[in-house]
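Visitor: I would like a close look at a single part of this model, with its surroundings described in order. Please keep to what can be computed from the atoms.

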Amino acid sequence: MKNFVKTLTALFLFSAACAQSFAAPKVSDERQKLITYALKLEGTKYVWGGSDPKRDGGLDCSGYVSWCVNHAVSPKLTDNGHFPRLCNAMFEKTEVVSINNREPGDLVFFKANPKSEKITHVGIYCGVYHGPNKKFEGKRVFISAISDGPRTGVQLELMDARYWKQHYYATGRFLPKTKQ
């Protein structure tokens, strides 16, 4: 039990350190809260159709983003306290912003088939990483629930990884832009 508590404490401190390393003082409190909350769920199991990590035993990508927004963001910034559950509905609730104007806390959308109208993946953009994981150091990252590949579940991903770069569709903003 003692080791379990130590592990949980270390994981919490690591998540908190990572969250601070992304957003620093340049993002709004709402954006920081979203990123911090999203990172706390890192490692959550991927479950297709999962929208509640406890009830469903895990989350899928849109369930993850919806869960994070609905639990971390002020209800006045969502539709009557509820953010949409599906990727395309989320996209419709956002304002498209250019890659150069995106901020940590914006949503990133992907399509498996560029010719399709259907958005197939969504994540939360975290910004440029500065933390203990050298793989991500100085690179743009996002966090999402991944269903395929060598690792599955909620995890950080590189925006410039070949797969994500090829399937990137747009960045959407639903939180107010950070005041400079």
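How many bridges join β4 to β5, and in which sense do the two strands run?

Guide: This is a predicted model. Four bridges join β4 to β5, and the two strands run antiparallel. One of the pairs is Phe-110 with its bridge partner in β5, His-121. On β8, too, β4 has an antiparallel neighbour, joined to it by four bridges. There Val-108 stands opposite Thr-171 of β8.

Both faces of β4 are covered. Leu-107 and Phe-109 are buried on one side, and Val-108 and Phe-110 are buried on the other.

Strands of a sheet pair through backbone hydrogen bonds, either parallel or antiparallel.

Further along the order, β5 (residues 121-128) pairs with β6 (residues 140-146) in the antiparallel sense over four bridges. In that pairing, Ile-143 of β6 is the bridge partner of Ile-124.

Helix α2 has 12 residues and reaches 17 Å from its first C-alpha to its last, close to the 16 Å expected at 1.5 Å a residue. Its buried residues are Glu-30, Arg-31, Gln-32, Leu-34, Ile-35, Thr-36, Ala-38 and Leu-39.

One of these, Arg-31, is also in contact with Arg-173, a residue of β8 (residues 168-173). Arg-173 counts as buried because its relative accessibility is 9%, under the 20% cut-off. Two polar contacts of its side chain can be described. A polar atom of the Arg-173 side chain lies 2.7 Å from the backbone oxygen of Asn-101. The side chains of Arg-173 and Asp-106 are joined by a polar contact of 3.0 Å. Leaving aside neighbours within four places in sequence, the contacts of Arg-173 also include Lys-93, Thr-94, Glu-95, Val-97, Arg-102 and Glu-103.

The cysteines complete the account. A search of the whole structure finds zero disulfides. A disulfide is a covalent bond between the sulfur atoms of two cysteines. For Cys-87, the closest cysteine sulfur is that of Cys-61, at 4.0 Å, which is too far for a bond, because the cut-off is 2.5 Å. Cys-87 is buried, with 8% relative accessibility, and Cys-126 is buried at 0%.

Away from these residues, Asp-56 lies in helix α3 (residues 53-56) and is partly exposed at 26% relative accessibility. A polar atom of its side chain lies 2.8 Å from the backbone nitrogen of Ser-51. Not counting residues up to four places away in sequence, Asp-56 touches Val-47, Gly-49, Gly-50 and Ser-51.

Methods. Residues numbered from 1 in each chain as written. Predicted model: local features only at pLDDT ≥ 70, side-chain atom pairs only at ≥ 80, totals over all residues. Heavy atoms only, no water. Buried < 20%, exposed > 50% of the residue type's maximum accessible area, 1.4 Å probe, protein only. Polar contact = N/O pair within 3.5 Å; in protein donor to acceptor, adjacent residues only side chain to side chain. Contact = heavy atoms within 4.5 Å. Pairing = 2+ DSSP bridges. Expected span 1.5 Å × (residues − 1).
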